[in-house]
Amino acid sequence: MGSIDKDNRQISLEDSIGLLAGQDFWCTRPNEALGLGSLKFSDGPNGVRGEDWINGAPSTAIPCATALGASFDVELASQLAALLARECKRKGVHGLLAPTMNIHRYPLCGRNFESFSEDPLLSGLIAASFVKGLQAQGIATSPKHFLANEAENGRRWSDSVIDERALREIYLEPFRIVVEQADPWCIMTAYNSVNGSFCSESKHLLSILRDEWGYNGAVISDWFGTYSTIEAFSAGLDLEMPGPTKFRDQKKLLDFAKRGGLEKRHITDSSARVLDLLRKTGRIGEPGAPPPLKPEGKEYLHDLKSKNLIRYAAEASMVLLKNEHDTLPLVYQNTKLAVFGHHATEPALFGGGSASLKVPYSSTPWDAIQRTYPASVQGPGVAIDRLVPLRNKSGLDLGQITLDWYNGGCVSNDTLFFSQSLDDTLYMLVEHAPDGLLDKSDFCTSMTFNFTPQQTESFAISLCGPGNAKCLVDDQVVLDVERGLDVSTEDFLFDRSKLEIPRQQPLQLQGGQRYSFEVISWSSKHKAQNVNREFFIQGCRLGLSPVQDDDGALLDAVALAKAVDTAVVVVGTGTEWESEGFDRVSMQLPRRQDELILRVAEACQGRTIVVVNAGSPIDMSGWIDRVDAVIYAWFPGMEFGNALARLLTGEASPSGRLPTTFWDSVHDYPAGHVESLMTPDKKIQYREGVFVGYRQDSLQSYRPSFAFGHGLSYTTFSCSLKSHTHLNREEKIVLGVQNTGSRTASDSVLLFIEALDPTTTRPNVELRTFAKTKLLEPGASQDLEFTLSARDFAYWDVHEHLWRVDAGSYKVRVAGPRGVGDWRNIDDIIVNFSEALTVA
């Protein structure tokens, strides 16, 4: 047999079927005879985790997607993607499950930090650059989640009900842009339905993708997001993941094809697209000699260039929301400064779920600040954990932690089949089962360790897992948990707060006394084969931590704040509060962090600076008027501290702008409180239509706390119109940007269009292009050229089902430092259409 040609003529129907579902959790099926190797996928959007959720090799953590959106820097996204491509190659990964491209319509969506913006153009352009950066290095991407996965609670069952115009202008548009500009090698479908059809079997959505946009890449399901055989094939779903298959058994498909229930062309067309994916990623070898899978490289590759890039990306994405009295920068480095907050020493570098990583190092705000400001002191923080912390986070010395595995339900030497050491009091069975396990739903484990407290104190303790569990201390049961069969094992992967059972009374332990701990846990009996729409996860987690005295911490914070010139309070969320798999509880900062800010600000006689380390908007209404400066740092990756220190000193100037609108209450957002508005049959009405975020029909009603595009600087910029020409149905606009202040900085220039005399109801303004200047020294200037096509003035005509430009006049507006509504005073840029026209 010769090599496989582009026409796919040498692939039998049986071999074609073998390509259309995964082999295991991360890999596609190989075919040795044909020389086809497995393609290995990996999460995720801000780093390459590899094949192990907990104990994998360290991974680079770049800023989260919302941070990249805030940078408004398309080229930066490509550079970071190239860095991740190198990480993929180190870990033997051929396809990265990124970028996430859903729209920020609902501020409580737990996964917003994975997506770029509320704006479809910004989302599409940053995503396209990210895709090109990875694919240029031979690594596949999978833009996701196609389509309308804008809420996590109920994501596998919900139906996003979207009118045709909003579907086209808001939710499909980022994907259209990424297909047109980057031609991604595969695209991932969403779990949810759109207008009554599951995305993985939606003929309507996938026909737009293939027939209208001409997309020829592979369409893959999200993990366990295939719900049918015939319907998914007919719609054009090429690859079911993960394996082993539930819907693409070879015997079943051959029988369907033989009886005419499934057209053979659906199988051969899909296999051709999967083959093309294998070809592009270098997974096709000679017959009998497929490319082998490369083992995961354990050593992290340290290099200064990558470190500086990650640091620069964090700097470029942080947004200066407020800076009263020029509080920042803090140029006097001998200032007496105190740093408060849990996030100062344990920052949130990323969100939870697919974005979670194990990093090789972390530059924390406190580490960087104390190096920069020698007179700085560390102040207390309040608890921010949602779960009782694990051993490593609590800083407890538990010595060796041993986990013994037993088949069946009895802890007995006769059924012991595997033993291992753990790094922490947590284990999770996702991808790989230990050798000797007979049944993933019929086993038990025993986790043992010894603990000698250094002093007598109270300890919080909890158990979390999908099955029954009990904790014994010196052979006495201190916590016993029993589970029913209705538990969702997937919650142990994403939303452990649903499964955690804490001990009602803290555990009193004596200092200097040795205690023997044993945690026995049993597998959930929830059978995996009965679950088509969730991960089947087993495992157990023991939380153990000294009880934190927040009242005492707040009193200490007040006392210290009175004694310093400047207070920096670092607050935020983290993986337990923002994650895949669940939505946020509220827009409030977790626990008592608002109180910490207020009490420090009231006590400090000098200036108070707040740094927010969160992936989504928070409610700042309780304290925003009481502090002097606010930096929004997002989930900034592992160079957080170094980037923040450079902004505080003025070595770098903030240049990020908000990629999403900040209101204080979820009810202020046009989408409202999505979960409470979900109907009993799980329908989510996208009631705001095209009026998402800043896209209001009247800006008179747009009064957010901070507008889309808001971002202050340490300097000032002027913007002037240099030229405006019309040529071949395109508008060429050249703007001159000059640094009129005293500090070197860059500026993001955002251009919006406004229909002056609209005959069709439409948003008041819409972002249509943007660019970022280079670093400009004081007095320096740069000309930026922008091109607007007729398509940039169009809307979707729901009667004719096409893009239409109405006759009339349109004004081009340029956003000032406070974003939408703060328009720069430049010469009018007016574009006239003497007659209506349609565009492709």
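Is Cys540 buried or exposed? Cys540 is buried, with a relative accessible area of 1%, where buried stands for under 20% relative accessible area, exposed for over 50%, and partly exposed for anything in between (1.4 Å probe, protein chains only). The model is a predicted one, so local features need pLDDT of at least 70 and side-chain atom pairs count only at pLDDT 80 or more, while totals for chains, interfaces and linings use all residues. Residues are numbered from 1 along each chain as its sequence is written, and side-chain values use heavy atoms, with hydrogens and water left out.

Back to the cysteines. The structure has zero disulfides, a disulfide being a pair of cysteine sulfur atoms within 2.5 Å. Cys464 is in none, and its nearest cysteine sulfur, in Cys540, sits 7.7 Å away; that is too far for a bond. Cys464 also counts as buried, at 2% relative accessibility.

Next comes a sheet. Six strands form an open sheet in the order β9-β25-β24-β23-β10-β11, with mixed pairing. Strands here are DSSP runs of E, at least two residues long, and helices are runs of H or I with at least four, numbered from the N terminus; two strands pair if DSSP finds at least two bridges between them. At the edges stand β9 (319–323) and β11 (377–378), each with a single partner strand, so one side of each has no neighbour in the sheet. Strands β10 (residues 337–340) and β23 (residues 566–572) run parallel and are joined by four bridges, with Val569 of β23 as the bridge partner of Phe340. Across β10 and β11 lies helix α14 (residues 550–561), at about 160 degrees to β10; axes are lines fitted to C-alpha atoms, for helices over the stretch in contact, and angles run from 0 to 180 degrees between N-to-C directions.

Then there is a helix pair. Helix α4 (residues 120–135) packs against helix α6 (residues 173–182) at about 35 degrees, with the axes 8 Å apart. Residues of α4 that meet α6 include Leu121, Leu125, Ala128 and Val131, and Ile177 and Val178 are among those on the α6 side; contact means heavy atoms within 4.5 Å.

Helix α6 is mostly covered, with eight of its 10 residues buried, among them Phe175, Arg176 and Val179. The cover over these buried residues includes α4, α5 (164–171), β5 (186–188), α7 (203–212) and β33 (802–805). After α6 comes Asp183, with a positive phi near 45 degrees.
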